[in-house]
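Visitor: I would like a close look at one part of this model: its charged side-chain pairs. Please set them in their surroundings as you go.

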Amino acid sequence: MTSLHTTIRFQPDALGVRQALDEGMSRCRGLVPVGREDRLGNVQIVLAEALNNVAEHGFAELPLTEARLDIALNRDTLTVSICDKGHEMPGLRVPAPKHHDLNGDVQDLPEGGFGWMLIHELTSRIDYARVDDENHLTLTFVLALD
């Protein structure tokens, strides 16, 4: 199989993220080989979390500038890269996953804070770099059949 690649440009706000997620998943379905479509559920969860983080945190108190979503398939590996000119990640690194104690009463459970845990658990690899004034978050998924 040859390498396949597609790019989506979007505004990092609520509507732009929704459109980028819908378009990104549509293009992923078009790239992924028959028989491996079931692997895209994890991709959708991770992509939704990452894109929402860009909109909510990356551009907090900043004017919006166009962001880019690159999707590439090479053999059994799907790579999704998000590039934006928002705030850099704290410490110039991907946040560590926060593990929460879920054994308490439902009303005592945290309302948020699960995003990076999901991203870490559902990807095969996460890379982040700040290049000049641009964030590059690359999420890798191995789609090989078990």
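Visitor: How many salt bridges does the count come to by the rule used here?

Guide: The count comes to six salt bridges. The rule asks for a side-chain nitrogen of Lys or Arg within 4 Å of a carboxyl oxygen of Asp or Glu.

First, the ground rules. This is a predicted model, with residues numbered from 1 along each chain as its sequence is written. Local features need pLDDT of at least 70 and side-chain atom pairs pLDDT 80 or more, totals for chains, interfaces and linings use all residues, and side-chain values use heavy atoms, with hydrogens and water left out.

The protein has three helices and five strands. From the N terminus on, they run β-α-α-β-β-α-β-β. Helices (H or I, at least four residues) and strands (E, at least two) are DSSP runs, numbered from the N terminus. Of the 146 residues, 37% are buried. Buried means under 20% relative accessible area, exposed means over 50%, and partly exposed lies in between, with a 1.4 Å probe and protein chains only.

Now to the pairs. Start with Arg9 and Glu66. Their closest N and O atoms are 3.7 Å apart, and they form a salt bridge. Arg9 sits in strand S1 (residues 4-10), while Glu66 sits in the loop between H2 and strand S2 (67-74), so this pair ties together parts that are 57 residues apart in sequence. Look at how open each partner is. Arg9 counts as exposed, at 53% relative accessibility. Glu66 counts as partly exposed, at 47%.

Turn to Glu23 and Arg27. Here the closest N and O atoms of the salt bridge are 2.7 Å apart. Both residues belong to helix H1 (residues 14-31). They are four residues apart, about one turn of the helix. Glu23 is partly exposed, with a relative accessible area of 33%. Arg27 is partly exposed too, with 27%.

Then there is Arg68 with Asp70. Their side chains meet in a salt bridge of 2.9 Å, N to O. The two side chains are also joined by a polar contact of 2.9 Å. A polar contact is a pair of N or O atoms within 3.5 Å; within protein, one must be able to donate a hydrogen and the other to accept it, and residues adjacent in sequence count only if both atoms are side-chain atoms. Asp70 lies in strand S2. With a relative accessible area of 13%, Asp70 is buried.

A search of the whole structure finds zero disulfides, that is, pairs of cysteine sulfur atoms within 2.5 Å. Two cysteines are worth a glance. Cys28 counts as buried, at 0% relative accessibility. Cys83 is buried as well, at 4%.

Now some charged residues in loops. Asp38 lies in the loop between H1 and H2. Asp38 is exposed, with a relative accessible area of 60%. From Asp38 to Leu143 is 105 residues in sequence, yet 9.3 Å in space, C-alpha to C-alpha.

Arg75 is found in the loop between S2 and S3. Arg75 is not a glycine, but its phi is positive, about 60°. Its relative accessible area of 62% makes Arg75 exposed. Asp132 lies in the loop between strand S4 (125-131) and S5. Its phi is near 55°, again a positive value in a residue other than glycine. Asp132 counts as exposed, at 74% relative accessibility.

Last, the largest pocket. About 310 Å³ of space lies in it. It has 16 lining residues, and Asn53, His57, Gly58, Met89 and Trp116 are the closest to its centre. Helix H2 (40-58), strand S3 (77-84) and strand S5 (134-142) each supply at least two lining residues. H2 gives the largest share, five residues. The lining divides into nine nonpolar, five polar and two charged residues. Here Ala, Val, Leu, Ile, Met, Phe, Trp, Tyr, Cys and Pro count as nonpolar, Asp, Glu, Lys and Arg as charged, and the others, Gly among them, as polar. On a 1 Å grid over the protein atoms alone, a pocket is an open set of points where a 1.4 Å probe fits, with protein on both sides within 12 Å along at least five of seven lines; lining residues have an atom within 4 Å of a point. The volume is the space filled by probe spheres set on the points, which are joined across faces, edges and corners.
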